Structures are given as C-alpha cells and as structure tokens.
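Here's a quick briefing to go with the structure below. Have a look at the fold, then read on.

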Amino acid sequence: MIAHPNGNNSIEVSDFLLNCLVISPSWQLSFSLPLSLLFLLAMGANSILLITIQMEASLHEPMYYLLSILSLLDIVLCLTVIPKVLAIFWFDLKSISFYACFLQMYIMNCFLAMESCTFMVMAYDRYVAICHPLRYPSIITDQFVAKAAIFILARNIISTVPIPILSSRLHYCGRNVIENCICANMSVSRLSCDDVTINRLYQFAGGWTLLGSDLILIFVSYSLILRAVLRLKAEGAMTKALSTCGSHFILILFFSTILLVFVLNHVVKKKVSPDVPVLLNVLHHVIPAALNPIVYGVRTQEIKQGIQRLLNRGW
C-alpha cells in the first residue's frame, strides 16, 4: 500500500491481497489438485477443439464457428482466473496490483456475459436446425455468425465496462484484503469507505438483464425444440435429438445455476460459510470450460471424426 495524506489521514491502496478459503485454509492444497486437473482438461479439450475446427475443412460451417467462439471464451476465462488461484494455493502469492485486479474483474464479467450470449445464439442455431431444417442453410450462414459475433462483443463489452470503472473510482482507505480468490466486484467494493449502493444495484440489474434475458430466450428455444421433437415420427430421431439438446440444456442450466447461487448469496446474505461462494465462483470459471468441448464438441460425430483424422495424420 502507498501512504497518501488526505483530509482523514487514511492510506490509499495500491495493491490487494487475495485471501482464499478464510474458514478452511487447510483445504487449499487438497482443492488445488482437482482444480489443476480441471484446468488442464479445459485448456487441452478446448485447444484440441479449436485446432480440429481450424484444420478440418469439413468443419468450416456456422455451427462449428459458434463452438470456436465458445472455446475461445472458455480459454480466456480459465487463463484469467485459475493460474492466479493456483499460485495462491501453491506459493501463497496473494498480492495483486490495483489495476490488475480491476482488469481481471472486467474480463471475468465481460467474458461470462459473452459466454451466456453465445449459449443463447447456439440455442437459436439448434432451434432452426430441428424446427426448420429446410431453411437452416439460408438462415444460419457465415454472415449470421459474423453478425452474432459482433453482437456478442458489442453488447457485453459496453454493458460491463461500468462495473470495474465504478469499483475503481471508490476510495479504498486502508483495508486491502479481499476475502476471495478472485477480484469479484462486490468482494472488492466492500473494502471501500464509500457507499457502494450504485455498484451493488448495477451488478444486480446488469446480471439479471443480460443473463436473465439470455436464459429466457434459451428456455424458449429449447421448449420449441422439445415440442418439435415430440412430433418426430422417424425411428431414433426423437431419442437422438433429445440426447443432444438435453445435454446442452443441462450444461446451460449448470452454468446459470452456479452464477445465480453466487449472486443471491451476496444479495440475500444468507448465513453460509464464506468459503462456499468463493469455491463456487472459482469452479464456475473452470467446470463449464472443461465440460463445454465434451458436451458440444466430442459428442458431435463430425468433430469426433475430425479429431481421429488429425491423430492419424500425427502418427
């Protein structure tokens, strides 16, 4: 910290200390092993998926471009959060600079919102593929993916910018220990001597507006898919469609539920161990990233064949 004289003789914070697992610090090494394995799985699976889609000409189609966007988002989120958490667990490197903290805060909020938006676009892609298969090639085109990517970027970059700006403009007068493994907005803001009502309201309203609207549209898409699937007459078609879309929907619900629990914990302030939301927040950045390429990619026959062809070339 840097001493900065002012009217109330307080100290201006120049860095923060991330204090993970306040109640159960002995869990850190035990938790680090599965966390590091999940991190390696997420990075490896998403990298393989991206390389396969890039190298295989047969996968240069809109659906796989959307998968590539999801994999890129997962990689960035993992790299933003997990290496720092493991450095804390293994080497006790708790310090993070003032600006690095708010950069991490922005990337986490922005890319999580982008991921939610990507799920929504992918749900629409599946809706068109199953409910309007004859029109699919004319609706889901490369131009559609380009426009969707611009929308994903523009909506979430602009809407999440105020979160780190509002937090960084607060006056941090001495306390610099964040009771979290990451620079979550409200964990950082509560260290301030200023009123954080605006930060809390923007985080809550922004979260429900962005993620809530995405989840509603996802639910509508999969409801329409389910209605169409139940009408299928072809043998095995209904089972295949339900298996594919069901796993997608369960993964999306998992992504949304962990985030919802974490937000409600901050808003309602339920009497739970402070380590619980910390663990949920960390896991929320790695478990979906590890599962997404498996559920969306490896289970897809074309991608599975593409990976096999790449492996055969390598050998």
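**Briefing: a predicted chain**

The protein chain comes to 12 helices and 5 strands, taken as DSSP runs (H or I of at least four residues for helices, E of at least two for strands) numbered from the N terminus. This is a predicted model, where local features need pLDDT of at least 70, side-chain atom pairs count only at pLDDT 80 or more, and totals for chains, interfaces and linings use all residues. Residues are numbered from 1 along each chain as its sequence is written, and side-chain values use heavy atoms, with hydrogens and water left out.

**Confidence**
- Mean pLDDT (the predictor's per-residue confidence, 0 to 100) is 86 for the protein chain, with 86% of residues at 70 or more.
- Confidence is highest in helix α5 (residues 142-160), at a mean of 97, and lowest in strand β1 (residues 2-3), at 42.
- Residues 1-9 stay under 50.

**Helix α3**
- Helix α3 covers residues 98-131 and reaches 50 Å from first C-alpha to last, close to the 50 Å expected at 1.5 Å a residue (1.5 Å times one less than the number of residues).
- Of its 34 residues, 27 are buried, so α3 is largely enclosed by the rest of the structure; buried means under 20% relative accessible area with a 1.4 Å probe, protein chains only.

**E115**
- E115 sits in helix α3.
- Its contacts (heavy atoms within 4.5 Å) beyond four places in sequence are L70, L73, D74, L77, F255 and N292.

Definitions and conventions:
Buried means under 20% relative accessible area, exposed over 50%, partly exposed in between (1.4 Å probe, protein chains only).
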